[in-house]
Amino acid sequence: MKILVIGSGGREHALVWKIKQSPKVEKIYCAPGNGGIAQDAECVDIKADNIEELKKFVKSKKIDLTIVGPEAPLVTGIVDAFVKEGLKIFGPTKAAAQLEGSKVFTKEFLNRWNIPTGAFQTFENLKDAKDFLEQASFPIVVKAEGLAAGKGVFICETSKQAREAVDQIMSDKVLKEAGKRIIVEEFLEGVEASILAISDGESYVVLEPS
């Protein structure tokens, strides 16, 4: 099999490293990859969000399976675009990727299906958010709505810290479009774990927690 891994970070390097161990795999490409990944795969100078160029590359090289690492192309709809043209790709559809791309969507989804989650309020207006903080209990968590490369969450011990976080996101726009809406959320104390489940729509496998 010929495999294309999309992305350029540690996650993608781990994927390439493991995929390389499969006897079914004859060639691995990574777009765009990085210096470390280049030791295990052929790096291709195509950005992870350039869906049209990625499709062309997959067709030209007769890639058997594409695996997407980063959230951004998934939220943009790369899986839908590939499937539409009969190209095999591993990742959630644009609709499913909303769970990663929109914290508001996810919180509302959790509430709708009675999945336990911290209490929250959503704000699009700076004044409304600050008015809410005046009577909130602390610590509290302020989150940018969209993808922010891991920088969109502020754990605030005081009202002053929370107001500063809201200003950075909504007024200073340090996270750009990711901060058009914010969530102010109950602070939950405990051990944090990532637990991934892979599903084909009918069956599923739960991976080891980390």
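Predicted model: local features only at pLDDT ≥ 70, side-chain atom pairs only at ≥ 80, totals over all residues.

Trainee: Okay, which residues of helix α2 are buried?

Mentor: In α2, residues 51–61, the buried ones are Ile51, Leu54, Lys55, Phe57 and Val58. Buried means under 20% relative accessible area, exposed over 50%, and partly exposed in between, with a 1.4 Å probe and protein chains only. Helices (H or I, at least four residues) and strands (E, at least two) are DSSP runs numbered from the N terminus.

Trainee: Why are those on the same side of α2?

Mentor: Because they cover an arc of only 165° around the axis, the arc being that of the directions from the helix axis to the C-beta atoms. An α-helix has 3.6 residues a turn, so residues three or four places apart point the same way.

Trainee: And what sits on the face turned away from the buried side?

Mentor: Lys56 and Ser60, both exposed. The cover over the buried residues of α2 includes β1 (2–7), β2 (27–32), β4 (65–68), α3 (71–76) and α4 (78–84).

Trainee: How many residues are in the largest nonpolar core?

Mentor: It has 21, and those with the most contacts inside it are Leu4, Ile6, Leu54, Phe57, Ile78 and Phe82. Such a core is a set of buried Ala, Val, Leu, Ile, Met, Phe, Trp, Tyr and Cys residues joined through side-chain atoms within 4.5 Å. The elements giving two or more residues to this core are β1, β2, α2 and α4. There's also a second, separate core of 19 residues, with Ile140, Phe154, Cys156 and Ala178 among them.

Trainee: What does phenylalanine 57 contact?

Mentor: Leaving aside neighbours within four places in sequence, phenylalanine 57 is in contact with Leu4, Tyr29, Val44, Ile46 and Ile63. Contact means heavy atoms within 4.5 Å.

Trainee: Switching topic: is lysine 107 buried or exposed?

Mentor: Buried, at 5% relative accessibility. Lysine 107 sits in helix α6, residues 103–112, and touches Thr117, Gly118, Phe120, Ile183 and Glu185, not counting residues up to four places away in sequence.

Trainee: Now the backbone. Which peptide bond is cis, with omega near -5°?

Mentor: The one from alanine 31 to proline 32, and proline 32 is in strand β2. Another cis bond joins phenylalanine 138 and proline 139, with omega about 5°; proline 139 lies in the loop between α7 (126–134) and β7 (140–144).

Trainee: What about phi of lysine 62?

Mentor: Phi there is near 55°, a positive value in a residue other than glycine. Most residues other than glycine have a negative phi, and most peptide bonds are trans. Lysine 62 lies in the loop between α2 and β4 and is exposed, with a relative accessible area of 63%. Lysine 173 also has a positive phi near 55°; this residue is in the loop between α8 (159–171) and β9 (182–186), and counts as exposed at 52%.

Trainee: Last one: at what angle do α7 and α8 pack?

Mentor: About 170°, with their axes 10 Å apart.

Technical notes
Residues numbered from 1 in each chain as written. Heavy atoms only, no water. Axes fitted to C-alpha atoms, helices over the stretch in contact; angles between N-to-C directions.
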